[in-house]
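Please look through the sequence and the 3D structure shown here before reading on. The report below describes them in plain terms.

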Amino acid sequence: MNTALELMQAKFPKATCTPTIDSVTIDVQPEQLEKTLSGLKNDPELDFGLLLDVTAIDYLKYPQSKETRFYVVYTIRSWKKNMLVQVRTPVPDPESGIPTATHLWESANWGERETYDQYGIHFIGHPDLRRILNHWQFEGHPLRKDYDIYKGQVCYDSDPMEKEIKARLATKGIDELTMKDINTEIMFLNIGPSHPATHGAIRILTALDGETVIANVNEVGYLHRGFEKTAENRTYNQIIPLTDRLNYCSSLMNNVAFVKAVESWLGVEITERAKFMRVILSEFYRALDHLVCLAALFVDMGGLTNYWYLYNEKEAAYDLISRLCGARLTSSFTRVGGMYRDFYEGWEADLENQLRGIEKGVNDSLALVAKNRIVHDRSQGVCCLPGDRALAYGFTGPNLRASGVPFDLRKDNPYYNYDAFDFSVPVGTNGDIYDRIMVRFEEIFQSISIVRQAMKMIPKGPVNVADPHVCLPPKDQVYSNIEGLAGHFKLVFEGVRTPPGEWYDSFEAANGELGFHFVSDGSGQPYKCKVRPPCFYTMGGFHEMVEGEMIADTVINLSSINIIGGELDR
Amino acid sequence: MALGIEAKLGDSVLTTKLDVVVNWGRQYSLWPMVFGTACCAIEFMSAAASQLDISRWGAEVVRFSPRQADLMLVCGTISYKQAPILKRIYEQMPEPKWVVAMGACASSGGVYDNYCTVQGIDNIIPVDVYISGCPPRPEAVLDALMKIQDQIKGESVLNDRHKDFKGVLD
């Protein structure tokens, strides 16, 4: 990774570049921000086409004093060259703010809105700077360190969003005057948030001409449950149960992504067995996540039989999971430094049995779907998003790959011995609903194949590292000697202490790149814990996929991009 | 030709109380309106799927239109942003109606004791049965359904329910 650092220093001699794990942090002053960001995006040698996340840090209660109270951080990836940078800039005055990056990446739109909502930082030139996660009657900015976590604010009425949809219509050349014309019949249709097609947490407002969507704006945040603020008040291991509830269809992958991020900063190398366990369980959950996504999608399309074939296997898998970790949905199976416990005796046979069940269910469903004229007509060429647009909106995971961009962290930045497994990354061509369905079907088979390979290769040995500062000591030591007891006590009460600093680490979750951006003050609790949710940015590009399409297609398009409320709104 | 019970009864008359016969009907034809927002909604899907099969209690006609439903199942976290919508959907349901708070979040806010989460939906609408768990097992949904059925058994068509309820949004 030194080459990336040298490259950055050569390109931006005025900025301070520092290496952090496998990324480079570039510190710039606000005046240099725009030039730096556009340099990163437009320089063909750098080619940072994927803006992953925008967030801010409030240093009000940080032990070391900083130049200003607020900093804004842009996390950007050059997926072809496997480089990751974080551009940090101080914000002297949050009211007057810093220049926006929306003209460079579309994903900055929602990212900066969230930063504004949570931290109250203005972005000069942002086209639509308003709240996104909290409700419109909310006052103050909850992630600021002086905002009391318990201070709830009642919302009395929903945001009408009339201004936003009219502004969107105006960009399509339909202004107030056209709408008043007797020959124009524009109908406004609101779907959700309480609507089965929106999975309970998204509001889709459309302007229709007949059945065609002319303009669309979306509102999210209905399931905003304050993950990030709550995490600031928990030790690292206490946050693991909260990560279950991010993407609750693949809870264990969130567990793995979270502890992987913490371990990367601690410099803890987990045991080989734990690595293989994490791969096996992650890939198993990837298959389960896609099962639920596809099951719900076919229900929305009217093919209820597929739901039974696919969901029944998910249901059977829950029995297997509850034998392993005691819970069906919320696994909480990882710990910093390893796993909660090893596989039980007989796991291998149970798992193989379940894998066969999934294969049968998926093949039964494919037999109904693969040559089905109705499915083809409803999904092929519908709600297309080309690869460059998907990248601009910050798509990752199966949705990006369906648009023809073969970016997968397991291949492009492998961790946990992923380079040792034989698997392929399915890629679509058109980026339509059909591609998103088929990419997911194929990923189920690929994941099953990885699970089988890993079960053959998994070595014996401990699942937790033997470091008493990271992992709880074995119970016989806790009960028999004072070091063991003190280690247990300290770890439970104070948490795993991380060195001061900040870092970003990411993981290929079922929906795409799931990243965690931490700021540590050296204690056992994170000073800041920001999730980079794949869903959030996917939803930010939803309007471009559905405008010009039929209203009924927006429903299946929403299922095809697999929006999970817990992860979308955190 | 008469089938079922009317074949046995013929022209004869059956005497019963109005409450009993109405409640008997209501008990075994609950139409749920699933207000699913989060993880609990996935467990409701399991309760509705083949293994547990909610139709054994006559409650398989899941209506997502509140106007056609009489049992509201609130599955998942309700944020302050969601609260006015929950209240409006509840008001759109015709009487008589029952509410189940599924899971820790709907019952009490659960692990999310913070600025954006409503600390229990009984701050917004009246609740008849609470289900514990985070998320509850699907069997618990069936248990709650039976509790609602028991409750219906003891009610009278002449009495109004929850007319004196006052929530934070009222």
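The model is predicted: local features need pLDDT of at least 70, side-chain atom pairs count only at pLDDT 80 or more, and totals for chains, interfaces and linings use all residues. Residues are numbered from 1 along each chain as its sequence is written, while chains are lettered from A and ligands numbered from 1 in the order in which they are written.

## Chain B

Chain B has six helices and four strands. Helices (H or I, at least four residues) and strands (E, at least two) are DSSP runs, numbered from the N terminus. Read from the N terminus, the order of elements in chain B is α-α-β-α-β-α-β-α-β-α. The C-alpha trace of chain B spans about 65 × 40 × 25 Å along its principal axes.

Of the 170 residues in chain B, 46% count as buried. A residue is buried if 20 or more other C-beta atoms lie within 10 Å of its own, exposed if 12 or fewer, and partly exposed in between, with C-beta atoms placed from the backbone. Two residues are in contact if their C-beta atoms, placed from the backbone, lie within 7 Å. Among contacts in chain B between residues at least 6 apart in sequence, 80% join residues at least 24 apart.

The strands of chain B form an open sheet of four, in the order β1-β2-β3-β4 and with parallel pairing. Its edge strands are β1 (32-36) and β4 (129-131) of chain B, each of which pairs on one side only. From one strand to the next, the twist averages 20°. Two strands pair if DSSP finds at least two bridges between them. Three bridges join β3 (residues 98-102) of chain B to β4(B), and these strands run parallel. Val100(B) stands opposite Val129(B) in β4(B).

Helix α6 (residues 138-153) of chain B lies across β2 (71-75), β3 and β4 of chain B, and runs at about 170° to β4(B). Axes are lines fitted to C-alpha atoms, for helices over the stretch in contact, and angles run from 0 to 180 degrees between N-to-C directions.

Asp122(B) lies in the loop between α5 (103-108) and β4 of chain B. Asp122(B) counts as partly exposed because it has 17 C-beta neighbours inside 10 Å. The C-alpha atoms of Asp122(B) and Gly167(B) are separated by 7.4 Å, although these residues are 45 apart along the chain.

## Where chain B touches chain A

In this interface, 35 residues of chain B are in contact with 40 residues of chain A. On the chain B side, β1, α3 (39-48) and α4 (83-92) each supply at least two residues. The largest share, six residues, comes from α3(B). By class, the chain B side has 21 nonpolar, 11 polar and three charged residues. Ala, Val, Leu, Ile, Met, Phe, Trp, Tyr, Cys and Pro count as nonpolar, Asp, Glu, Lys and Arg as charged, and the others, Gly among them, as polar.

## Two helices of chain A

Helices α10 (residues 304-325) and α11 (residues 347-369) of chain A pack at an angle of about 170°, with their axes 8 Å apart. Therefore α10(A) and α11(A) are roughly antiparallel (angles under 35 degrees count as roughly parallel, over 145 as roughly antiparallel, 65 to 115 as roughly perpendicular and the rest as oblique). By class, their contact has 11 nonpolar, seven polar and three charged residues.

The buried residues of α10(A) include Tyr309(A), Leu310(A) and Ala317(A). The buried residues of this helix pack against α9 (272-301) and α11 of chain A, together with α3 of chain B. After α10(A) comes Gly326(A), whose phi is positive, near 90°.

Most residues other than glycine have a negative phi, and most peptide bonds are trans. The table lists exceptions.

| Site | Feature | Angle |
|---|---|---|
| Glu95(B) to Pro96(B) | cis peptide bond | omega about -5° |
| Cys134(B) to Pro135(B) | cis peptide bond | omega near -10° |
| Asp47(A) | positive phi, not a glycine | phi about 55° |
| Tyr416(A) | positive phi, not a glycine | phi about 45° |

Pro96(B) lies in the loop between α4 and β3 of chain B, and Pro135(B) in the loop between β4 and α6 of chain B. Asp47(A) is in the loop between α2 (30-42) and β3 (50-58) of chain A. Tyr416(A) is in the loop between α15 (409-412) and α16 (433-457) of chain A. Tyr416(A) counts as buried because it has 21 C-beta neighbours inside 10 Å.
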